[in-house]
Structures are given as structure tokens and as C-alpha cells.
Amino acid sequence: MNLAVRDIRHNLGRFLLTCLGLGLLLAIVLSMLGIYRGLIAESLTLARAPEVDLWVVETNSRGPFAESSRLPGDTREAVARVAGVTEAGAVTYQSVETETAAGKLRLYVIGYEPGRPGGPTRLVDGRPIIQSRYEVVVDRSTGLTVGDRLKLGRREFRVVGVTAGQVSSGGDPVVFITLRDSQKLQFELAPPAARRELARGGGEASSDIVNAIIARIDPDVPVAGVADGVRRWKHLAVLTQEEQETVLSRSVIERARRQIGLFTTLLLIVSTVIIALIIYTLTIDKTKEIATLKLIGAPDRTIVGLILQQALAMGAIGFTFGVAFIVSMKDSFPRRVVVEAPDVLALGAVVFLVCLLASTLGVRLALKVDPATALAG
Amino acid sequence: MTQAAPLIRFADVKKHYGEGTARVDALRGVSFEIGAGEVVGLRGPSGSGKTTVLNIVGCILAPSEGELTLAGAAVYAGGRWLRPDLRRLRLETIGFIFQFHNLLPFLTSTDNVALVLQLAGASAGTARRRAGELLDYLDVGHRRDAFPSQLSGGEAQRVAIARALANRPRIILADEPTAALDSQRAQVVMDLLRQVALEQEAAIVVVTHDDKIVDRFDRVLELRDGLLV
């Protein structure tokens, strides 16, 4: 006869309510892990999207995401001519805020040269940019659709294509425009400001500035060798794709990662304490029954089993509920939440250990219960 | 009344709590024997040592001095327990009946009785069958699927008696078994205990303050200040 199951069945509503509370707590733990994974995924999205091997940036810089980087636009020609480089493209990155019908919208604008690396790779609607001016491809998270108009700076752009899952490390939706449009957006002065510049004798500065040159390398040529060549002969900083991803995941989001890690640890500690308190309270509630069991001759293993099995059942049901909750809710979060199977399994193992640990408090209490308590009336 | 070899032998048992000025002598040398088939009352004012006697016979409290013999086997002597597994001893030899029945609230009547049988090693089927028979015997068979909260006081006490009888114990210890019952039901419980004492050749000790059942005992042991009077 399984006493734990009988007790749970008898107090099913209360037990399930407790599991529900625990499940919500575990859902928060899992969501923190998911937010952390989402943060990494989002921050790497920008670096992975162009599917390139090299990032050529300003000397002594680790740009364009971790640090600022400015290069003359014609650097692309120089990089494209390096032996082993099959394709090269100039790109710009900038954050802008604009107004749409839905309100203010913060965007991460990527300027690229159509036909070269750096543009949107997988469209879910519409077409790529084919005109040199005033066309934009937007991420689905902007809420814009093909045919909508979008004002960037002083110009109005027409949405021609829609991508999905393209966001910056800050979670802002990405939009793609041509390099020329992006340079105008970044460097072109408003007419009054331009007139003032001319009046004070300043000439019109070149706006052919880019933030990085990205390059694809022949699969038969070592990427490191090409990178060394560019560093040595072109006097530019070069990051391989792997280095760029490391910079992004280790430097750009390091503090956020540590913050979330600490918060998740605290949540796990809180969960442990709460589970321990629940089990302890459940055991206190059963002091009389435990005393009776001892008095009528039940061995310790029966009593320990009652507490331990309930603790594990609570953990298992709470965990299942938490996972189901977060899996069904993850797409409703404002930023990406990535729930990965290894994280879920790891949390499951932690919950199992936590339940074992937490139940020791209840088990200790149960083993100390004096059977004479049953006779105490 | 059947008089056979004593099932409970309490020989010059002393029990004190605390030391020095805080020392309280709960029992100051109590001796008695109870044989098979006997239903013995244990009476006395509060603090006279009744519960201490019951706890010692129930092997949940060690005497300070003296000897305890249960069902012919020495259990406590020379300042130590002589049986390694006292819970097993309780399970097989002693049945307990409580003032407030102490049934497990999450088990049905049948399961409360069957649990004791299963703890003693019976299979689930055997345990449930025997539990059913006992509940029928105690006239609560119709409440076999009810939980304790659904039983009346009298029904719950009968289920508790069925649980105490489940492993056919030779010794039954009852702590105020009629205190929560009206006069009529109290008499029924006493009839049942007497019937069990005779049929199972058991020794039954009933701690009671209840005057309305005092004439139902074969003997009454009166305790006062830790001594039998």
C-alpha cells in the first residue's frame, strides 16, 4: 500500500495547488534560463546572419558590435582582392528610433550592398531589395508588412520584404536598407545644418564610411591565413567568425549573462527553501499520523517513503507544469526565450536533487516524532 | 474468566524523569501480572502514572528499573531492552486503541486495517480480505470504503479496534477508548473487548477515567503517586 499516493489522492486539490505554485516558480527559473539562451541567440543572430568567415574592422577595434568601427567604403575593394577571399561586402550598423502607426519603434538598421554578403538571407514574405534607394526589408517583429511605409531619418522607405528572428543584441528588430541609404541616413546633414557647415567653411565630408567589411573565404584556404594577411598588409583589424561570436557572447552580453546567472541561482535557492518549507509543513501536519504509524509498528522506511515520495511527486508534477507553462508561453515574451532540451533536463535533475535535499528536513522531523505522541490525545 | 500464564508481567518497575531537584518519580516500584483473557482497568488521577505504565508496556518508553515480560518473553531487564526491534514486537504482539481512534485520515476503513496486516507481511489481497472480515465482525462492514472523516465516533472507534485486532495481538492496550463515546456505545466497545479477550486469549489493559464502565473489568489496578493501591 503506497501511503504517499493515498495521501495525495485524499488531499488532491491542496496537493495540486502546491504543485501549481511550485511549477510557476520553476517556470520562472526556466524562463530565466530561456531568456539567457535567447540573449545569446539574439546577440549572435547579427553575426551569424551574413554567413561569412571574416570581419574586417577599424585598426585596434573589436567592432562593429563590441566597439565602434569606421572604415573607408573602398576598403571593400582591397579586401575583395586578397587571395582566398571569394566574396566581400561593406556593411553599416546603426540604431534609430522612428514613428509608426503603432507608436515609437526602435530599430537596428543594417546597410548592405545588394548582391553582396550582409543582406537578409531568409525572407518569409516579399522580395529582397532590388532598387538602389528607399526600399527596406524588415523583421516580422516590427509589425510591418509588405507595402507599408517606414520613415527613417528624413526619407520614407517602402517595405518590400519581411524576415523573421532578426533582432539585435538589445532585442531591437533589424531592418535592411541599401548601403547608400544607410550612409545617407547616418552621415547626411539636414539642409539647415549643411548650410551652416558650408558657412563656417567646412567642406562636405565624405559619407562613404562603413562599419565593417565582411568576407567569405574559399573553403580550401585557411581562414586564419587570410586574416593574418589582411592584418599585416592592409593594417586593419580582422576577426574570424568564431572570434566575432566569442566577442559577442563573452564581452557584449557578459554582464547580462552573469546577472541572469546570479538571479537564476538565487531563484533555485529560493525554490529549495520553499520546497523544504512545504515538505516540512506537510510533515508537521502529519505528526499525529506518523506517531500512530510508529506506534502500530510501521518501520522507518515506510515513514521516510511517505515523505520522500510526496516530495519527489511534488517536484515532478511542479516541474512538468513549469515546463509546459514556459513552453506554451515563451513566444509571448517581448524578447526571445529559447528553451533547450539540455537546460530542461539539467533543471529536472536539479529539481530532483532539491527535492531530495528539501525532504531531509521533513524526514529528520518525522524520525524524531515520539510514538507516544499518538497516545497524547 | 480465563486465567492462564501471564501475558504481561511488570516486575518492580520504576520510572523517573529528570535528575536532581527536577526529578519526578512517575512509577515507584509497580508490579502486576495480566493473564490471557483478562480485561484489566487501569485507573488513577492525573499524574498517577497510568500513561507511563501504558507507554512502558507498549515498549515506547524504557523503565528506569525493573523488568518487563510480554507474552512469555523478557523484553526489558537489567536496564536495557532485550529485543532489537521493538516496532516489530509492537506490530506482532501489541494492538493499540486510542481515545480519538487515530485512524489515518487518508485511508478508508478497509485500508486502515489492511495497512497493519501488510506491514506484518501479508499480501494486499489477503490483508484486504482479513480487514473486510474484521470490519464485518465489528459490525462496520457497511462502512468499509468510508474515510475516517465520514464515520461517526462509534464507527471510527470500531474501525480502530479492528485495526488493533488485525494481527491477532496477544496484548491490547486501550487508552480511554470510551471517553469520546456515549454510554450505550461505551458498553458496546467494552463488550467487544471482552469478546476479543476471550476469543483471542488476549490480555487487555484499558486506561480509563470512565465510571460507567468500571464494573466491566475483571480487575482494576488503581494507581496513586506512582504506586498501585
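**Strands first, then the interface**

Start in chain B, where strands β4(B) and β5(B), the latter covering residues 73-77, run antiparallel and are joined by three bridges. Keep in mind that this is a predicted model. One of the pairs is L70(B), whose bridge partner in β5(B) is A73(B).

Look for R9(B): its bridge partner in β4(B) is T69(B).

Next, the two chains together. How many residues of each chain are in contact? Chain A brings 24 and chain B brings 23. About 2,300 Å² is buried between them. Carbon and sulfur atoms give 67% of that area. On the chain A side, M1(A), I296(A) and L375(A) supply 31% of what chain A buries against chain B, more than any other three residues.

What about charges? Two salt bridges cross the interface. R87(B) forms one with D300(A), with the closest N and O atoms 2.6 Å apart. Polar contacts come to seven residue pairs between the chains, counting residues at pLDDT 80 or more.

Which helices of chain A touch chain B? α1(A), α9(A) and α10(A) each supply at least two residues to that side. α9(A) gives the largest share, six residues. By class, this side of chain A has twelve nonpolar, five polar and seven charged residues.

Definitions and conventions:
Residues are numbered from 1 along each chain as its sequence is written. Chains are lettered from A and ligands numbered from 1 in the order in which they are written. This is a predicted model: local features need pLDDT of at least 70, side-chain atom pairs count only at pLDDT 80 or more; totals for chains, interfaces and linings use all residues. Side-chain values use heavy atoms; hydrogens and water are left out. Two strands pair if DSSP finds at least two bridges between them. Helices (H or I, at least four residues) and strands (E, at least two) are DSSP runs, numbered from the N terminus. Contact means heavy atoms within 4.5 Å. Buried area is the accessible area (1.4 Å probe) that two parts lose on being put together, summed over both. A salt bridge is a side-chain nitrogen of Lys or Arg within 4 Å of a carboxyl oxygen of Asp or Glu. A polar contact is a pair of N or O atoms within 3.5 Å; within protein, one must be able to donate a hydrogen and the other to accept it, and residues adjacent in sequence count only if both atoms are side-chain atoms. Ala, Val, Leu, Ile, Met, Phe, Trp, Tyr, Cys and Pro count as nonpolar, Asp, Glu, Lys and Arg as charged, and the others, Gly among them, as polar.
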